[in-house]
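Me: Can you walk me through this one? I'd like the contacts and the strands.

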Amino acid sequence: MKFAERINRLGGEAAFSVLAKARELEAQGREIIHLEIGEPDFDTPRNIIDKAHWALDNQCTHYTPSAGAMEWRESYARYLSERYNVDLDYRNIVIMPGAKPVIFLTALALIEEGDEVVYPNPGYPAYESVANFLGAKAVPMILREENNFRFDIDELKSLITPKTKLMFINSPQNPTGGMLTRKDLETIAELAVEHDFYIIMDEIYSRICYEEPHFSTLQIPNALDRIVVVEGHSKTYAMTGWRLGYAACNEALAEHLTLLMVNANSCPAAFTQVAGAEALHGDQSDVDKMVARFKMRRDLIVKGLNEIEGVSCTMPKGAFYAFPNVKSFGKKATEIADYLMEEAGVACLAGTSFGAHGEGYIRLSYANSLENIQKALDKMQEALAKLKEGRHALV
Ligand SMILES: Cc1ncc(COP(=O)(O)O)c(C=O)c1O
């Protein structure tokens, strides 16, 4: 088979390959603590599951319009409108099977070959991958630990050229847990107007914030002229396997995204759209409980990591990832991640899985129980002490 040349420019996602390797070791009888995959370990809240059962029993088993049924688009628009005090309606919402297709299809609608696309590095791998896939020049915006993994606005300005067409922004951020401030986001939105580029604003972790509440770019006046907000149910409602996300955007883009959905998916699954509306408008107490649990786990893991000799970790402000600095070991991030899996039985990801500027870091997802996190910390401490003292020489 002769494949299209662009297929070689698509990147993968390490979380899935590391998970596969961890499962292999488990099949050989090894005990592995899973801190690699970015999904809540909680069950989807009961009211959402009950609503999905109801939907399946009530004929929500057929095609819907490609952007989602009007009723549910309106319901998702009302959720965002009430939450952020903005004025959206169904024409601003396109429902898709996950946030990832929102990223991919929006990029397809906006990027042309030769465009420049600025993206956070380290950052969610899909951004760089889709920019490369579409023949754009992917321009990394380096997120630095000393800046709490926020953008440096002056550095960002220096990356903008007349060819800049699109910027990916993600806050709260995967993999660093960093959050941009309202001022940061307003400045970026002003730059988009001044330099005529668009923004794909990934707000999938918007409900998982620990200190300050999330500021949505939807709150910026005329936001939808230039910004597409990516939202989804996977993280907030522990619904990763349901595949449900949505774009909030202007009507013209929504029409193009709808056409892309016609061609790629026909429509999102009918019963998940219904359950998704229940998630947004029903009882939110489970979300509050999950976020409170994440916060306890964050505090435990960050404290524990900082107690390990040679490791330092900034306090993440959102999402459910710790991104510790392991540079003192003088090894590549992939070597440290592989070593931790083999020696400590702790599955985690190398920072470089999120771009070249993740070198020197590893990502640990703390979507796991306090007991398992403590066990992982103890095992990591022991394994990394061996490395530090030269009692183990990474073969
Ligand atoms: C920043 C970010 N955006 C998007 C997604 C994709 O989410 P979904 O499961 O809705 O496709 C993820 C999942 O890890 C993510 O971390």
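**Aromatic pairs and beyond**

Reply: The count comes to 12 aromatic pairs. Rings of Phe, Tyr and Trp (its six-membered ring) pair if their centres lie within 6.5 Å; planes under 30 degrees apart count as stacked, over 60 as edge-to-face and the rest as tilted. This is a predicted model, where local features need pLDDT of at least 70 and side-chain atom pairs count only at pLDDT 80 or more, while totals for chains, interfaces and linings use all residues. Residues are numbered from 1 along each chain as its sequence is written, and side-chain values use heavy atoms, with hydrogens and water left out.

Me: How do F42 and F294 pair?
Reply: Edge-to-face, at 5.3 Å centre to centre and 65 degrees between the planes. F42 is in the loop between β1 (33-34) and α2 (46-57), and F294 is in helix α10 (residues 285-307), so the pair ties together parts 252 residues apart in sequence. Helices (H or I, at least four residues) and strands (E, at least two) are DSSP runs, numbered from the N terminus.

Me: Are F42 and F294 buried or exposed?
Reply: Both F42 and F294 are buried. Buried means under 20% relative accessible area, exposed over 50%, partly exposed in between (1.4 Å probe, protein chains only).

Me: Which residues form the aromatic cluster with F42?
Reply: F42 clusters with Y205, F294, F320 and Y321.

Me: Switching to charges. How many salt bridges?
Reply: 20 salt bridges. Each is a side-chain nitrogen of Lys or Arg within 4 Å of a carboxyl oxygen of Asp or Glu. One of them joins K375 and E31, at 2.9 Å, N to O. K375 lies in helix α12 (residues 370-388) and E31 in the loop between α1 (14-27) and β1, so this pair links parts 344 residues apart in sequence.

Me: What about D184 and R150?
Reply: Their side chains meet in a salt bridge at 2.8 Å, N to O. D184 is buried, with a relative accessible area of 4%. R150 is partly exposed, at 25%.

Me: Now strands. Where does Y321 pair?
Reply: Its bridge partner is S365 in β12. β9 and strand β12 (residues 362-365) run antiparallel, joined by 2 bridges. Two strands pair if DSSP finds at least two bridges between them.

Me: What is the strand order in that open sheet?
Reply: β9-β12-β11, with antiparallel pairing. β9 (321-322) and β11 (349-350) stand at the edges with a single partner strand each, so one side of each has no neighbour in the sheet.
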